[in-house]
There are 4 protein chains.
Amino acid sequence: MHTTTMLEQYPAEITMDRELLARAIDAAVACSQACTACADACLSEPDVAQTTRCIRDDLDCADVCATTSRVLSRHTGYDARLTRAVVQACIQACGTCADSCGEHRDHHPHCATCEQACRDCAAACKALLAQLVPEGDGGGSPQAAAPQG
Amino acid sequence: MHTTTMLEQYPAEITMDRELLARAIDAAVACSQACTACADACLSEPDVAQTTRCIRDDLDCADVCATTSRVLSRHTGYDARLTRAVVQACIQACGTCADSCGEHRDHHPHCATCEQACRDCAAACKALLAQLVPEGDGGGSPQAAAPQG
Amino acid sequence: MHTTTMLEQYPAEITMDRELLARAIDAAVACSQACTACADACLSEPDVAQTTRCIRDDLDCADVCATTSRVLSRHTGYDARLTRAVVQACIQACGTCADSCGEHRDHHPHCATCEQACRDCAAACKALLAQLVPEGDGGGSPQAAAPQG
Amino acid sequence: MHTTTMLEQYPAEITMDRELLARAIDAAVACSQACTACADACLSEPDVAQTTRCIRDDLDCADVCATTSRVLSRHTGYDARLTRAVVQACIQACGTCADSCGEHRDHHPHCATCEQACRDCAAACKALLAQLVPEGDGGGSPQAAAPQG
């Protein structure tokens with residue numbers, strides 16, 4: 001991954017903590033791949049009929065994490081309300097998927113790996129969320145600080 | 001779009017209102033395409049340096065709407081908390097992008113079209129959100145109602 | 001969908017036939033949604049263990065069609081080689097998925113709908129491909145005709 | 001990234017070389033992120049009007065690489081024709097984007113990083129493509145080897 005290098009070479013100010021940002025992007029990217037692979041692995045299991053909810057949660061989580069990594073990679077932070085809403089959706093998707101995968105972790109090693117990827121991503125997103133500006137202040141000031149153009 | 005037909009042919013129960021669901025999916029799909037095209041059109045404008053924020057908001061909104069349409073197309077409603085978080089992020093992305101496009105609507109017709117697509121999608125998502133179970137009840141009961149497998 | 005309007009409001013030249021382009025974009029968008037919904041519907045079928053290949057082909061086709069609709073929505077045609085390669089991948093994904101869905105069309109109505117969406121998208125992509133510049137000429141001239149900037 | 005672990009824990013046969021497959025997935029994921037970040041960085045450059053083609057190529061490459069990483073993460077190899085078509089599109093997208101970024105590498109460090117990510121991804125995809133079954137044999141035999149279900 002070139003995430004940290006790209007952040008260092010960014011030609012404008014970044015209003016978020018770069019280390020927390022890089023961790024969240026990398027965790028979301030890794031989680032999205034793990035969820036895509038876990039869904040496919042579940043489809044190859046003899047007990048696939050018992051894993052349909054896990055597959056759906058994998059697919060949702062893969063999509064939400066992919067979008068989160070993209071929104072965060074446009075790390076301009078113009079509108080903290082959007083960053084916050086996307087990161088919150090990612091935390092929810094990862095929590096839901098980790099719980100589903102966790103039910104299969106003992107007999108499906110790939111579910112154990114995917115559960116860990118989800119929990120890591122949720123933790124990285126929570127750490128990033130904690131240092132974003134508080135909800136009451138979030139919408140206006142970053143927009144004001146970043147005039148159109 | 002085959003959204004309504006696919007919903008009618010769905011072999012299991014859908015816990016959400018099918019008409020509101022179909023409208024939200026179609027609006028998110030249309031908005032995602034309009035935002036992708038608007039970003040590209042802005043890049044072809046002579047005043048591209050004045051539209052960089054609009055381009056970014058277009059790209060964020062395109063990604064968030066695409067993921068929203070996918071999560072809603074897996075209309076199983078297992079976990080209302082995830083549906084709600086994703087739809088809320090979509091409403092925010094559409095609102096942010098509509099405001100950005102709105103600043104250019106008078107001299108960029110494609111921004112006027114995209115603003116409308118964003119406002120339509122936000123409205124469809126709000127209508128869907130309003131009939132989802134309330135936040136306090138949301139997480140537990142749909143999961144309980146949909147046992148693993 | 002706002003595809004045709006956005007094409008009419010595009011501020012630069014478009015080197016492809018706009019009607020064929022709009023049809024291909026709309027067909028790819030509709031197919032991507034149908035495939036996502038079909039995969040989810042298959043997961044709800046009692047015979048899910050017999051539809052795992054259909055689900056995978058649905059998921060691949062949904063992703064390839066989504067990317068195709070985005071690349072075509074950036075309808076600048078700078079590099080005809082990329083457009084051609086992406087459209088060819090889309091035709092292949094749709095053909096593969098249509099064949100898989102076709103095997104289930106008699107007992108899964110959603111597979112019949114999805115098969116049709118795939119065949120429509122493949123046809124729209126083939127019509128667009130046929131009017132792109134021939135392979136031998138394609139790479140160089142569009143790039144030469146579109147100087148950097 | 002958990003790519004290699006997920007491949008090791010896959011419960012079915014994988015017809016492709018696992019090491020080449022993991023490298024291609026990881027390179028595509030890294031390239032997609034770099035392209036997304038490079039497009040955003042270009043939008044923050046004072047000479048944005050001279051980088052519009054680079055931004056478009058970044059966006060196309062980000063989408064194609066994301067889809068490639070997903071199709072390869074469903075590493076079932078049912079239909080080698082689809083894998084081949086997607087990997088070929090990825091090689092083309094990476095080549096086009098690397099050339100565009102290369103024109104800016106001297107004054108935009110992020111373009112130099114992105115160019116390298118594109119060239120690495122193209123190389124990993126070419127190595128994978130070289131060991132896929134030849135075009136004439138590709139369609140039939142993998143399908144025959146993977147009966148429905």
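This is a predicted model: local features need pLDDT of at least 70, side-chain atom pairs count only at pLDDT 80 or more; totals for chains, interfaces and linings use all residues.
Me: What is the area buried between chain A and chain D?
Reply: Let's begin with who touches whom: 35 residues of chain A are in contact with 35 residues of chain D. Carbon and sulfur atoms give 62% of the area buried between these two chains, and that area is about 3,000 Å².

Me: Which residues meet in a salt bridge of 2.7 Å, N to O?
Reply: The rule finds two salt bridges across the interface of chain A and chain D. In one of them, the side chains that meet, at 2.7 Å from N to O, belong to R70(A) and D63(D).

Me: Which element gives the largest share of the side of chain A that touches chain D?
Reply: Good one! Between chain A and chain D, twelve residue pairs are in polar contact. On the chain A side, the elements giving two or more residues are α1 (3-8), α2 (18-43), α3 (52-73) and α5 (109-130). With eleven residues, the largest share comes from α2(A).

Me: Over in chain B, is T4(B) buried, partly exposed or exposed?
Reply: T4(B) sits in helix α1 of chain B, residues 3-8. Buried means under 20% relative accessible area and exposed means over 50%. Because its relative accessibility is 42%, T4(B) counts as partly exposed.

Notes
Residues are numbered from 1 along each chain as its sequence is written. Chains are lettered from A and ligands numbered from 1 in the order in which they are written. Side-chain values use heavy atoms; hydrogens and water are left out. Contact means heavy atoms within 4.5 Å. Buried area is the accessible area (1.4 Å probe) that two parts lose on being put together, summed over both. A salt bridge is a side-chain nitrogen of Lys or Arg within 4 Å of a carboxyl oxygen of Asp or Glu. A polar contact is a pair of N or O atoms within 3.5 Å; within protein, one must be able to donate a hydrogen and the other to accept it, and residues adjacent in sequence count only if both atoms are side-chain atoms. Helices (H or I, at least four residues) and strands (E, at least two) are DSSP runs, numbered from the N terminus. Buried means under 20% relative accessible area, exposed over 50%, partly exposed in between (1.4 Å probe, protein chains only).
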